[in-house]
Amino acid sequence: MTFRLLAALVVLLTMAALQPAAHAAQQEPAPATAVPAATVLPTPTPRPEGTVPRVGIQVGHWKSNELPEELARLRGSTGAYIRGLSEVELNLDIARRVEARLAAAGVQVDLLPATVPPGYDADAFVAIHADGARKPGARGFKIATPWRTSRASQHLKDVLDAEYAAATRLPRDGAITFNMRGYYAFSYRRHTHAIARTTPAVIVEMGFLTSPADRAVMVGKADVVAAGIADGVLRYLRERNPSDGAALLPPDFGLHRPAVEGVAVRAAPSESARVLRRFGPDSRMVIFEERDGWYHGFIRGEWRTMGWVRAADLVATDEQLPPPPPPATDS
């Protein structure tokens with residue numbers, strides 16, 4: 001056998017020996033890509049027993065010119081003004097009276113300006129404002145929670161509403177606005193200078209500064225107004241369960257679609273309440289609150305139309321929940 005023939009034979013035998021290994025390498029499955037585990041937000045740990053309750057009282061529009069860059073669009077927001085009285089003056093006067101009452105009851109109070117400390121964490125947060133309207137006859141107070149309402153925020157809203165109404169005898173204005181729900185201080189997903197997601201929070205519109213009747217109460221009976229707010233906060237602190245950390249978590253209901261055609265969106269959680277509109281299976285509802293078998297929310301794309309729908313008339317979807325657009329003002 002010649003040297004060339006011998007060399008060729010060696011090459012062929014070597015290739016044959018390597019071929020199965022190469023084939024096996026091609027068939028070996030690629031390592032599985034690690035799938036990140038679902039993020040589970042832990043239930044907040046209860047504060048140690050004996051911890052002094054901490055409450056933030058925010059003065060609407062106070063020092064708005066000092067708002068940080070992320071809220072620069074609101075630096076010129078000064079609130080309502082009529083007959084030489086500005087909303088910020090009224091808000092500050094009432095807030096200081098509320099602060100004094102809460103402090104006297106042993107509560108640690110932070111009197112906050114328009115700028116909220118980043119991730120502000122407290123047992124309750126109350127933003128104090130007053131309304132204004134061009135429409136003659138507009139009057140009354142209203143209280144709103146953030147878009148996604150935790151059980152704690154709803155509890156705070158309910159007792160504050162009851163105590164404020166009993167103290168002031170002012171009528172309720174049921175027109176909770178888009179800007180109230182989307183108040184910038186609630187928007188922890190959008191802003192750094194906002195409350196922590198687990199801080200129970202409400203915004204109070206004490207009454208209409210443009211209403212002589214409401215103004216007479218807010219200015220002439222300022223101590224009564226402050227008592228209504230302070231009593232509501234104190235009642236919440238008495239009634240809450242400090243060990244119920246789950247109550248502090250805002251729910252995430254996701255998107256829902258109507259189960260049938262022509263589902264009614266009502267002005268209140270009642271079959272007898274006024275129908276605001278009807279919608280069909282192609283529409284989607286963004287929900288931020290549940291109460292007694294009713295969902296409170298708005299139709300996707302119709303951000304400013306909020307109402308109540310029977311939970312039984314809706315079906316959950318797995319579609320992505322769109323964020324509401326930012327409000328134009330700070331309420």
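Strand E1 (residues 54-59) pairs with E4 in the parallel sense over five bridges; two strands count as paired if DSSP finds at least two bridges between them. This is a predicted model, in which local features need pLDDT of at least 70 and side-chain atom pairs count only at pLDDT 80 or more, while totals for chains, interfaces and linings use all residues. Residues are numbered from 1 along each chain as its sequence is written, and side-chain values use heavy atoms, with hydrogens and water left out. The chain holds six helices and 14 strands; helices (H or I, at least four residues) and strands (E, at least two) are DSSP runs, numbered from the N terminus.

**Whole chain**

- Of the 331 residues in the chain, 45% are buried, where buried means under 20% relative accessible area, exposed over 50%, and partly exposed in between (1.4 Å probe, protein chains only).
- Among contacts between residues at least 6 apart in sequence, 76% join residues at least 24 apart; a contact means heavy atoms within 4.5 Å.

**The five-stranded sheet**

- The sheet is open, with five strands in the order E4-E1-E5-E7-E6 and mixed pairing.
- Strand E4 (108-112) and E6 are at the edges with a single partner strand each, so one side of each has no neighbour in the sheet.
- On average, neighbouring strands of this sheet are turned by 20 degrees against each other, direction ignored; axes are lines fitted to C-alpha atoms, for helices over the stretch in contact, and angles run from 0 to 180 degrees between N-to-C directions.
- Gly56 stands opposite Asp110 in E4.
- H5 lies across E5 and E7, at about 115 degrees to E7.
- H6 lies across E1, E5 and E7, at about 155 degrees to E5.

**Helix H3**

- Helix H3 (residues 151-168) has 18 residues, which should span 26 Å at 1.5 Å a residue, and its end C-alpha atoms are 26 Å apart, in agreement; the expected span is 1.5 Å times one less than the number of residues.
- Buried residues of H3 include Ala152, Leu156, Val159, Leu160 and Tyr164.
- An α-helix has 3.6 residues a turn, so residues three or four places apart point the same way.
- The buried residues of H3 pack against strands E5 (124-131), E6 (142-144), E7 (201-208) and E11 (285-291), and against helices H5 (212-220) and H6 (222-239).
- Arg169 follows H3 and has a positive phi, near 60 degrees.

**Helix H2**

- Helix H2 (residues 87-104) also has its span computed: its 18 residues reach 26 Å from first C-alpha to last, close to the 26 Å expected.
- Among the buried residues of H2 are Leu90, Ile94, Val98 and Leu102.
- Gly106 follows H2, with a positive phi near 90 degrees.

**Two loop residues with positive phi**

- His61, in the loop between E1 and strand E2 (81-82), has a phi near 75 degrees, a positive value in a residue other than glycine.
- His61 is buried, with a relative accessible area of 5%.
- Arg83, in the loop between E2 and strand E3 (85-86), has a positive phi near 50 degrees.
- Arg83 is exposed, with a relative accessible area of 72%.

**Cavities**

- Two cavities of 30 Å³ or more are found in a search of the whole structure; on a 1 Å grid over the protein atoms alone, a cavity is a set of points where a 1.4 Å probe fits but cannot get out.
- The largest cavity has a volume of about 60 Å³, a volume being the space filled by probe spheres set on the points, which are joined across faces, edges and corners.
- Residues lining the largest cavity include Ser153, Phe186, Tyr188 and Pro250, where lining residues have an atom within 4 Å of a point.

Definitions and conventions. On a 1 Å grid over the protein atoms alone, a cavity is a set of points where a 1.4 Å probe fits but cannot get out, and a pocket is an open set with protein on both sides within 12 Å along at least five of seven lines; lining residues have an atom within 4 Å of a point.
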